[in-house]
Amino acid sequence: MINLRDKGAELWDGANRLQRTAFALVAIFAALCLPYAGNFSLTNFLNTPISSYEAVLVYPVGMYILMALGLNIVVGKSGLLDLGYVAFFAIGAYTAAILGTHTHLNTWEILPIGMGFAMLAGVLLGLPTLRLRGDYLAIVTLGFGEIVRILAINTPSIGGPNGIAGVPQPPTVLGQAFDITHPDHFFWLVVIMILAVIWMVRRLSIRRPGRAWEAIRQDEDVALLMGVPILRYKIWSFSIGAAVGGAAGVIFASEQMFVAPQSFNYNVSVLILSCVVFGGMGNIWGVVLGASILSYLPERIRFISNAREFVFGLALVVMMNIRPEGLLPRKKREHLSDEERAALKATRAALNASKKASKKAEKEASK
Amino acid sequence: MNFSVVGSQFFPLLINGLALGFIYVLVSVGYTMVYGVLRLINFANSEIFMLGTFATAIVSTSVFKFNQNSQPSHGMKLVIVLLCCLLASMATSGVVAVFVELIAYRRLRTKGANRLGSLISAIGTSITLSEGVRILTHSIPVASPRVLSKFYVFKIHGVGLRIDQLLTIASGLLLFIAVDRFVTKTRMGKAIRAVSMSEENSKLMGINLNRVISLTFLIGGLVTGAAAFMYMTVYEQTVFNVGFNIGLAAFTAAVLGGIGNLRGAFYGGLALGLAEEYFSALLGSQWKEITVFVVLVLVLLVKPNGLFGEAVQQTRV
């Protein structure tokens, strides 16, 4: 099967600065226009049958892309299996709900606080547990996710199982009101946050933390021997991922105006992890694509509402069997020098030539 | 905190905890065996358990015509009914486990995919199975009629051991010993242990890898099916997502004992069953799940490889 990821990377590498900027601007513009796609006959196949299309774009689609990008830092970049990512989402959402209903802080002021709390939780969870390996870490994070949810259910002062209603919505920015009649404004907000996260991840990937995470992911022991402070970078990865989850939680709470423990169950963690792996771990575009498909698909096929989760499960199994590395897998080699790239090109050309030659020979032989 | 309850109820809680613990032991054997061989969390194991519980319910209602009003049976008939339910449950779970491996894991394994890919495939299988059953049963819990009348085998100072609990504890212990003997003493068991040590080397030694992996899934499925039968005799009700909590607890038990280690699963399962009973008596049952995870985190902090992780290299199944 063709590797779209490599093809895309080749085109991107070949383009000059102007072409790249133009492409990025067009792509961002297209993304911002998405809420209106439902109104045109050419694109109205995107409409979701039962829930409002514009609202679906904010939650689940936008939120899941945001969270999948955050989880991708933990799972895709540094190879730590986190099955309790929803905990950070919940911490962000509850921070927004509690501060929003008890203080006069508005959503923009709560956003950094929510991210801070999520980061703090990430550090507190990470310090003792990041010494564990692989599946032990997975089960502890899973446990953490459940602990946060059950704590929320069993604490009457934050609403217990009923949750908190009446979370204030964000104040107007540049004349754009954020309320229930304007899901498109929320969507733009989420797109801006997604772009910020993509920018952050891309910058981090080519700098020291990114290289440290890559080393940890490939081989922890070797990374340790090469002098990478493993625990520190793991905690950084964990808490940056947590901060993104927390930010998503704050926006979720103020968009839905309501938080309740059942929104933060284990299935959400599994779904976000599925987005990351389904799309292609470690590759931003793969993760965005995977999250878009997996969050949008169940809403789009709501007309078979009873069987949609069933179809979703089947789709996961079938897709993973066809493309085990995900839809858009990461590039095999991350950093190539110019000489290496030239050598690779030459090798590929030689390989293709020899393939052609052997095919020709076969044809002649069959004649 | 209600210490007096724990004091006065010490022995009843012990018995309940042991019965629950043996169900956990058997389910976590399913997790730990597969993990030992493939280094893969078999997320579909909870659904394998769920299908076992449904097999038990279906056999007792449609084959033996028990219903909610019928009297519990006794004598020879009781033994036959229970055995048939047990066999049906084990067979269903075993066959499903083998098919899950064939459909969801084998292709990915032979392609040499990374472990997370297999994990997502496993999660997909789990969703498909539980959703399939949910659609078939319209999300309605299925009650299993009472086949075994629940009398006390003995009662000393108000502390009684019910027959279903005795059955669970005794057959759980027997089955675990059987699996343990199989893995440590027989030729096929040796092959399983060899594969868990090194896939490559065991292939070079002429071991049929696919067969051994299928066998591992079969044994894991059979044992999980037996656990499903015991669950049904004790709790008498099942629903499409019954496997979720049991599976989570059993997997936690496997990790607690040191995952991949068969005997670790035994101690882990018992410890977890007892911990759940005592802690829910102490703190109230709403905190039950939390205490499970808190115990797990505390154990892993002191021993990062689980209680019996040290011996993992030698005694991997």
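**Conventions.** I note that this is a predicted model, in which local features need pLDDT of at least 70 and side-chain atom pairs count only at pLDDT 80 or more, while totals for chains, interfaces and linings use all residues. Residues are numbered from 1 along each chain as its sequence is written, chains are lettered from A and ligands numbered from 1 in the order in which they are written, and side-chain values use heavy atoms, with hydrogens and water left out.

**The loop in chain B.** I placed B:S139 in the loop between α5 and β1 of chain B, and its phi is near 60°, a positive value in a residue other than glycine. B:H138 belongs to the loop between α5 (115-137) and β1 (142-143), and its phi, near 55°, is likewise positive in a residue other than glycine. I find B:H138 exposed, at a relative accessible area of 59%.

**The cis bond in chain A.** I looked for the peptide bond between A:Y59 and A:P60 and found it cis, with omega about 10°. A:P60 sits in helix α3 of chain A, which covers residues 53-77; helices here are DSSP runs of H or I with at least four residues, strands are runs of E with at least two, and both are numbered from the N terminus.

**Chain A as a whole.** I read 14 helices and 2 strands in chain A. With 367 residues, a compact globule would have a radius of gyration near 21 Å, and the 22 Å of chain A agrees; this radius is taken over C-alpha atoms, and the globule rule is 2.2 Å times the number of residues to the power 0.38. Along the principal axes, the C-alpha atoms of chain A fill a box of roughly 80 × 60 × 45 Å. I count 49% of the 367 residues as buried. Of the contacts in chain A with a separation of 6 or more, 76% are between residues 24 or more positions apart, a contact being heavy atoms within 4.5 Å.

**Chain B as a whole.** I read 13 helices and 4 strands in chain B. For its 317 residues, the globule rule gives a radius of gyration near 20 Å, and chain B has 20 Å, which agrees. The C-alpha box is roughly 60 × 45 × 35 Å along the principal axes, and buried residues make up 57% of the chain. Residues 24 or more positions apart account for 79% of the contacts in chain B with a separation of 6 or more.

**Between the chains.** B:L116, B:I120 and B:F293 supply 15% of the area that chain B buries against chain A, more than any other three residues.

Key
Buried < 20%, exposed > 50% of the residue type's maximum accessible area, 1.4 Å probe, protein only. Buried area = accessible area lost by both parts, 1.4 Å probe.
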